[in-house]
Amino acid sequence: QAESADFTVLCVQEPDAVNDPALTGEDSVFSLVLCGHTHGGQVKPGRHAPKTSSMYGWSVGNRYLSGWYHLSGKTRLLVSNGVGTTAFPVRLNAPAQIHAITLRRGKDGPEESL
C-alpha cells in the first residue's frame with residue numbers, strides 16, 4: 001500500500017532476498033533494505049571470504065558481502081557485518097559493526113539523503 005513518494009524500509013535477514021525483483025526491482029516501493037547474515041565474511045584472508053552464508057558467496061565475488069549498495073531505481077541496500085559469529089567465534093578482516101542510521105528528507109524527497 002506504499003506510494004512512490006513514501007520512504008519505505010525493508011528489513012530482511014539476508015541479502016539473498018534482493019534477488020527477488022518484486023522486492024528490489026525497478027518498480028520496488030522500498031527505499032532502503034537493511035540486512036546482515038553474512039557477518040561480512042567473518043574470515044577474509046584477503047579481499048574475499050572463502051565461505052559465506054549467502055548464495056552471493058565466493059563464486060560470484062562475494063557480492064553483497066558487506067556495506068552499501070545501489071540496487072535499482074531508488075532502492076539502496078545496507079549489509080551489516082553485525083556483532084555475532086557463526087560456528088567459530090573468530091573474525092578476520094570483517095570487524096563487528098553496529099549502525100546508527102539517521103534519515104533526513106532531502107530537497108527532492110527522502111532518497112536524496114541516502
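Visitor: In which strand does C35 lie?

Guide: C35 lies in strand β2. Please keep in mind that this is a predicted model, and that the remarks below describe that model.

Visitor: Is C35 buried or exposed?

Guide: A residue counts as buried when its relative accessible area is under 20%. C35 has a relative accessible area of 8%, so it is buried.

Visitor: Which residues does C35 touch, leaving aside those up to four places away in sequence?

Guide: C35 touches V12, Q13, E14 and P15, and also L77, L78, V79 and S80. A further relation concerns C11: its C-alpha atom is separated from that of C35 by 5.9 Å, although the two residues are 24 apart along the chain.

Visitor: How should I read the overall course of the chain, and how many helices and strands does it have?

Guide: The chain has one helix and four strands. Read from the N terminus, the elements follow the pattern β-α-β-β-β.

Visitor: In what order do the strands stand in the sheet?

Guide: The general idea comes first. Strands of a sheet pair through backbone hydrogen bonds, and the pairing may be parallel or antiparallel. In this structure, the four strands form an open sheet in the order β1-β2-β4-β3, with mixed pairing. β1 (9-11) and β3 stand at the edges with a single partner strand each, so one side of each has no neighbour in the sheet. From one strand to the next, the twist averages 20°.

Visitor: In which sense does β4 pair with β2, and over how many bridges?

Guide: Strand β2 (residues 32-35) pairs with β4 in the parallel sense, over four bridges. Within this pair, C35 stands opposite V79 in β4.

Visitor: In which sense does β4 pair with β3?

Guide: Strand β3 (residues 67-72) and β4 pair in the antiparallel sense, over five bridges. Two positions illustrate the pairing: Y69 stands opposite L77 in β4, and T75 in β4 is the bridge partner of S72.

Visitor: What do β3 and β4 form, and how many residues lie between them?

Guide: β3 and β4 form a hairpin, with two residues between them. In the turn, G73 has a positive phi of about 50°.

Visitor: What share of the chain as a whole counts as buried?

Guide: Of the 114 residues of the chain, 37% count as buried. The accessible surface of the chain comes to about 7,000 Å², and 53% of it belongs to carbon and sulfur atoms.

Visitor: Which residues form a nonpolar patch on the surface?

Guide: The nonpolar patch is formed by V43, F88, V90 and L92, which together have about 370 Å² of accessible area. One of these, F88, is found in the segment after β4. A residue counts as exposed when its relative accessible area is over 50%. F88 has a relative accessible area of 63%, and is therefore exposed.

Visitor: Where is I98 found, and is I98 buried or exposed?

Guide: I98 is also found in the segment after β4. With a relative accessible area of 75%, I98 is exposed. The C-alpha atoms of I98 and S80 are separated by 7.6 Å, while the two residues are 18 apart along the chain.

Visitor: Where is A2 found, and which residues does A2 touch beyond those up to four places away in sequence?

Guide: A2 is found in the segment before β1. Beyond those sequence neighbours, A2 touches T8 and V29. At 33% relative accessibility, A2 counts as partly exposed. A2 and S28 are 26 residues apart in sequence, and 10.0 Å apart from C-alpha to C-alpha.

Visitor: What share of the contacts in the chain join residues at least 24 apart?

Guide: Among contacts between residues at least 6 apart in sequence, 49% join residues at least 24 apart.

Note on methods
Residues are numbered from 1 along each chain as its sequence is written. This is a predicted model: local features need pLDDT of at least 70, side-chain atom pairs count only at pLDDT 80 or more; totals for chains, interfaces and linings use all residues. Side-chain values use heavy atoms; hydrogens and water are left out. Two strands pair if DSSP finds at least two bridges between them. Patches are made of residues with over 30% relative accessible area and no salt bridge: like charges are joined within 9 Å, nonpolar side chains (Val, Leu, Ile, Met, Phe, Trp, Tyr) within 5 Å. Accessible areas come from the Shrake-Rupley method with a 1.4 Å probe; for residues, only the protein chains shown count as cover. A salt bridge is a side-chain nitrogen of Lys or Arg within 4 Å of a carboxyl oxygen of Asp or Glu. Buried means under 20% relative accessible area, exposed over 50%, partly exposed in between (1.4 Å probe, protein chains only). Axes are lines fitted to C-alpha atoms, for helices over the stretch in contact, and angles run from 0 to 180 degrees between N-to-C directions. Contact means heavy atoms within 4.5 Å.
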